[in-house]
Amino acid sequence: MANNHLTGIGSESKELATWYFTFAAILFGAQLLFGLVAAIQYVMPGFLFEVLDFSVARMLHINALVVWMVFAMFGAVYWLLPDETGIETVGIKIGKLLFWVFAAAIVVVVLVYLFIQVGSADEMSIWFIHEGREYIEAPRWADLGIVVVALGFVANLFLTGMKGKQTGIVTVLMADMIAFAGLYLCGMFFTDNISMDQYWWWWVIHLWVEATWEVYVGALAAYGLITMLGAHRKVVEMWLWIEVTMLFGSGILGMGHHYFWIGTPEYWWEIGALFSALEPLPLVAMFIHVLYDWGKTQGEQDAQGLEVSVIRNKPAFTWFVLNAFGNFLGAGIWGFFHTLPQVNLYTHGTQFTSAHGHLAFFGAYATILIGMMYIAIQGTNGIKVMNHTRSSIWSVSLLTGGMMGMTVALTVAGYVQVLVSRAQMGATWAGYFDGQSGMWFAQAMDWRLLMGVVMFLGFALLAKDFLTTGKNPVHQR
Amino acid sequence: MAKKSVWSDNRFWQRSAAWITGFASVLLIWLTFDTMAQITIGTDSDLKNGVTKRVPGPTVINYKITYEMSSKRGHEVPIIGGNDGQGMSLFQEKEKFFGRDDWSEEEATELLHLGKLGSQVKNCMNCHTLLGNGAYYAPDLTKAWLDPQWGPDGSMQAMTGKNTKEEAMAEFLQNPSKYPTHSRMMPNLGITAEEAKGLVAFLKHMSSIDTNGFPRNFGKIEGAVHGK
Ligand code: HEM
Ligand code: HEM
Ligand SMILES: [Fe+2]
């Protein structure tokens, strides 16, 4: 295998990866800004009322989230392909062209969301403004564009994987990315039947985040362990296959936990409860795997009497470890909390869901993708051992601390809502506002906003670190 | 070299991954076929012949809809056109919707289509939850049609100066910030009179969907004491 994983210089695939990472980082900042707008509106409902309403701010918040993650995921694949396959990515010229098509489409979509916001109730609006379905609001023209871009990406991955060395990691990615792209098609059609609509909508959302994206993260973590620690490929790839088995084995049918109350039959109670209750298991396994490999490689080195860390990229590795833990905590623990129908009956669609959604997306995906960005910075700057800087430490602390604080605040808010609005008042309009006006709820919203500001500071420092750390003399070259 | 165990063999785990994934996918697809059949939207003749569907046909807007305890299922279910006393719909009692209770299948379908389109284009789901999914900034709309606030004992009909639920809702949807009841208001989304009618039909239809008892104890301020 070409041993060029520490240097991105000269690889066009890696250059393209940095474009994807840069655009992703910018969108991450935009995501946080619109999240702050929405969070302010919870506290001060008059803020930007009928100018940039909650619905618009939230749509931008969660769309920026999905898009920056997809960008960073594409980028990470373009980054690791030359290392894994030992050859330059096939079709890189097309890949670069598609990047610009994708980026331009996103800019147009955002401008339309911001300045047109809503249209009249007809098909034209669905084609050109937005589809109004959480996370995948992109208008239909953009859907078609996304399909083209995704096909191009998958084609490049396949052609490269088949021409070069096809490692276990590449094999998993090939199978996973085709499912990832294919599932998007389930969210592209219109139906008058809201139950049918949500049934297929979850094929995209759930089968992304709880199946294909998780497997993707498993593959990325495997790559990270090999490049950052020098862990043994054979062992790492065996773990990867075990993780794939457990993730798909539980996650695919675990989708039943979204089919309890949307008009679908009762048997989903049992199926959803059983399989989704198993979903945390692979997340525990992944956590153990990362810590185990770390301890093992360090131990081997210590045994040789070398008193240095095996970690070749400290900030990236910090984010990878946070990923292992955050995935387990946000998706595993917070997910399990509300996944049984007896509990979900009352927590369904409350701030509790939001608490889980935030910690899971952050813990399982934001962390590892930020880690990949650090790996790219190391590579493009020809750094042998990358160390922490003050801003890398502060940014990781503020982002993670802010997210934990936000999750706790939302969990408290969800608790109030479950007890007051749901259990006691039965989810009526009046009951809803009885819950919202409770003191604990209101305070939780203040805390969430405060923690959002903390996160934003963390992001600012992260951006500063991204821009400056490459030239910092603390690293070993 | 020590004897190799199958448990540390990459090929074994690769095959397991393929088989388990395949098996789970096939099971999911099989269940999907069953679910599709069960949640396909019903027809007008289903309603006329007293066939209970999980998602009734659009002409359900011609009927009276309530949400009542079913002793058999142990939770509330939508009751269409009167209750047989056991929690089963009778499909008899009609209710006027914008002055008519004889909306044809075509008309009702068109109205529902307009309403569903409107719900997406106006982005209801990024403030409200529908069937419990969406955003948490505003009340769940699953059973909004049945909310006591819109009924004869609620305040919305008087506030909007209308005598029926559907007219009050339509008026509110066209000018939500004119009739605020909380400091967190719904903004004006440029909803026309026709679109509002469609949206109300969409909400009424959604309240007739069998959601396995979600939300529980809807509209019972006494709360969980009465639940099961
Ligand atoms: C990284 C993995 C995961 C991510 C990113 C994630 C994210 C989310 C998000 C964003 C939602 C809200 C969807 C909406 O807007 O309606 C959600 C809902 C839900 N998640 Fe997860 N999730 C993950 C894993 C899990 C796991 C492992 C479980 C169970 C053990 C779980 C259980 C649930 C349940 C039950 C709901 C429905 C909540 C409701 O009824 O309102 N999730 N998830
Ligand atoms: C500045 C920090 C942030 C603030 C102030 C913020 C605020 C918000 C607000 C107000 C909502 C709407 C919730 C509702 O409907 O009631 C929301 C939704 C959401 N946000 Fe954030 N957010 C922030 C950061 C993040 C991050 C870093 C992620 C993920 C990596 C994230 C993922 C999500 C998701 C998945 C939803 C949809 C949740 C659901 O439907 O259950 N947010 N956020
Ligand atoms: Fe799920």
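**Exercise 1. Find which helices of chain A each supply at least two residues of the shell around ligand 2, and which gives the most.**

Step 1. At least two shell residues come from each of α1 (12-43), α2, α13, α14 (390-424) and α16 (439-468) of chain A. Helices here are DSSP runs of H or I with at least four residues, numbered from the N terminus.

Step 2. The top contributor is α1(A), with seven residues.

Before you go on: this is a predicted model, where local features need pLDDT of at least 70, side-chain atom pairs count only at pLDDT 80 or more, and totals for chains, interfaces and linings use all residues. Residues are numbered from 1 along each chain as its sequence is written, chains are lettered from A and ligands numbered from 1 in the order in which they are written, and side-chain values use heavy atoms, with hydrogens and water left out.

**Exercise 2. Work out which residues come nearest to ligand 2, and which chains surround it.**

Step 1. Among 28 residues around ligand 2, the nearest are Tyr42(A), Arg58(A), His61(A), His358(A) and Tyr136(B); a residue is near if one of its heavy atoms lies within 4 Å.

Step 2. The site is shared between chains, because residues from both A and B surround ligand 2.

Step 3. Look at Tyr136(B): an N or O atom in its side chain is 2.7 Å from an oxygen atom of ligand 2. On chain A, a polar side-chain atom of Glu134(A) lies 3.2 Å from a ligand 2 oxygen.

**Exercise 3. Describe how the iron atom of ligand 2 is held by the protein.**

Step 1. His61(A) and His358(A) coordinate this iron through their NE2 atoms, at 2.0 Å. Donors are N, O and S atoms within 2.8 Å of the metal (3.2 Å for Na, K and Ca).

Step 2. These two histidines sit 297 residues apart, His61(A) in helix α2 (residues 54-85) and His358(A) in helix α13 (residues 351-380).

Step 3. His61(A) counts as buried because its relative accessibility is 15%, while His358(A), at 22%, is partly exposed. The cut-offs are under 20% for buried, over 50% for exposed and in between for partly exposed (1.4 Å probe, protein chains only).

**Exercise 4. Identify the protein donors of the iron ion (ligand 3).**

Step 1. They are His206(A) (ND1), Glu210(A) (OE), His257(A) (NE2) and His258(A) (NE2), 2.1 to 2.2 Å from the ion.

Step 2. Along the chain, their spacing reads H-x3-E-x46-H-H. His206(A) and Glu210(A) share helix α7 (residues 194-229), about one turn apart.

Step 3. Finally, locate the iron atom of ligand 1: it lies 4.4 Å from the iron ion (ligand 3).

Definitions and conventions
Polar contact = N/O pair within 3.5 Å; in protein donor to acceptor, adjacent residues only side chain to side chain.
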